[in-house]
Amino acid sequence: MRVLLLLSTLSLAFAPAVQTPGGPPSASGPAFRFETQEIRDNFGVGYAVTVADVNGDRKPDVLAISGTQLVWFENPSWQAHVVLDGQTPKDNVALAPHDIDRDGRLDVALGATWKPTDTSAGGTLHWASPGAAGASWMVRDITSEPTLHRIRWANVDGAGDPELIVAPLHGRGTAAPEWNGVGPRLQALHVPKDPAKDPWPAELIDDTLHIVHNFAVLDFDGDGDDELIAASREGLHLLERGADGHWTKTRLGDVNAGEVKVGRLGGARALAVIEPWHGTTVAIYREPGKVTRGPWTRQVIDETLTGGHAIGWIDVDGDGSDELVAGWRDKDVGVALYRITSATERPARVMIDAGGMAAEDLTVADLDADGRPDIVASGRRTANVRIYWNRTPR
């Protein structure tokens with residue numbers, strides 16, 4: 001089922017949505033129903049997309065980066081505001097919004113100078129802040145780390161401001177095709193008192209894994225501190241910081257992993273994973289018991305992706321159990337949903353977008369406050385940003 005491409009005007013005003021039925025109802029729940037709205041085309045590679053309230057009106061806006069731009073799309077008109085265009089070294093690769101300077105306005109941390117094969121240079125880290133009274137945004141430098149690839153905010157010490165977690169793809173001085181040697185330096189950067197002037201203290205988390213393509217943030221044990229789950233060549237690992245600042249590493253899965261997101265199935269935690277990096281397989285890992293530090297139970301969901309690069313969880317129908325959403329960027333590109341009802345059987349793939357989104361990244365949020373989470377995705381070969389409005393019956 002092919003989704004029609006929505007043509008955006010130059011002003012990127014609200015475009016009508018196209019309904020995308022998700023197939024017949026099943027015994028386990030209603031049919032998935034989504035409407036597709038394209039809010040940006042000709043964007044270049046949409047490396048990353050996320051959701052945050054940029055203008056303080058308590059509505060979630062969409063933020064996205066291309067190789068040269070940082071853009072936010074204003075809810076509900078979805079008007080595009082290009083706040084950076086060429087002020088960071090090409091390519092932008094990661095973004096993480098947060099009020100960094102504590103002035104009550106949203107700032108954005110940006111990873112740039114994306115050079116995945118250069119393990120001796122590149123990988124710059126910046127933060128951008130809005131100017132006063134509509135003035136231009138200002139960009140400041142934080143640090144650099146070769147092949148810097150992913151950034152997220154996490155309160156790993158449980159005190160004060162969250163830390164900016166920085167994850168390069170490869171270790172310094174390593175080379176293709178094996179990338180053996182020292183692993184990428186995962187670091188927690190602490191926000192200083194004056195982030196515009198003071199250096200950001202760096203804390204080493206781990207440098208023993210390889211090809212760390214992504215990581216997830218969660219309070220694993222409910223103690224108020226955030227932990228990390230890293231997806232790497234060695235599999236899935238829980239990274240925990242002790243009260244003394246010492247980090248420990250525990251393996252949850254041993255299959256080469258590229259993407260990881262945390263969700264819930266039937267009241268229990270589960271991990272959605274793409275294997276390997278840029279891979280073909282969607283798998284989930286179920287937690288065997290409460291707060292399990294050890295191997296989780298792996299279940300293969302789909303083995304037919306081409307360039308899998310985006311994954312997430314979404315409770316489509318409001319039954320308290322998440323569905324899994326995955327996107328891929330090669331060959332017959334697309335975005336699909338899976339309703340997981342069995343620990344042994346593979347669920348059917350339900351296409352949300354067949355051919356119109358070469359998914360590089362996706363995120364889930366309730367954009368219109370109707371109680372139903374929606375999906376936002378950014379594309380690579382399709383060079384677009386799309387919202388998939390959730391119209392599934394509750």
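The model is predicted: local features need pLDDT of at least 70 and side-chain atom pairs count only at pLDDT 80 or more, while totals for chains, interfaces and linings use all residues. Residues are numbered from 1 along each chain as its sequence is written, and side-chain values use heavy atoms, without hydrogens and water.

**Exercise 1.** State in which order the strands of the open sheet lie.

Step 1. The order is β3-β4-β5-β6, with antiparallel pairing; strands are DSSP E runs of at least two residues, numbered from the N terminus, and two of them pair if DSSP finds at least two bridges between them.
Step 2. β3 (48–52) and β6 (79–85) are the edge strands, each pairing on one side only.
Step 3. β4 (residues 61–65) and β5 are joined by four bridges, and I65 stands opposite L70 in β5.

**Exercise 2.** Determine whether Q69 is buried or exposed, and what its side chain contacts.

Step 1. Q69 lies in strand β5 (residues 69–74).
Step 2. Its relative accessible area is 12%. Buried means under 20%, exposed over 50% and partly exposed in between (1.4 Å probe, protein chains only), so Q69 is buried.
Step 3. The Q69 side chain makes a polar contact with the side chain of D85 at 3.2 Å; such a contact is a pair of N or O atoms within 3.5 Å, one able to donate a hydrogen and the other to accept it.

**Exercise 3.** Name the residues with the most contacts inside the largest nonpolar core.

Step 1. A nonpolar core joins buried Ala, Val, Leu, Ile, Met, Phe, Trp, Tyr and Cys residues through side-chain atoms within 4.5 Å.
Step 2. The largest one has 36 residues, and L70, I151, L164 and W200 have the most contacts inside it.
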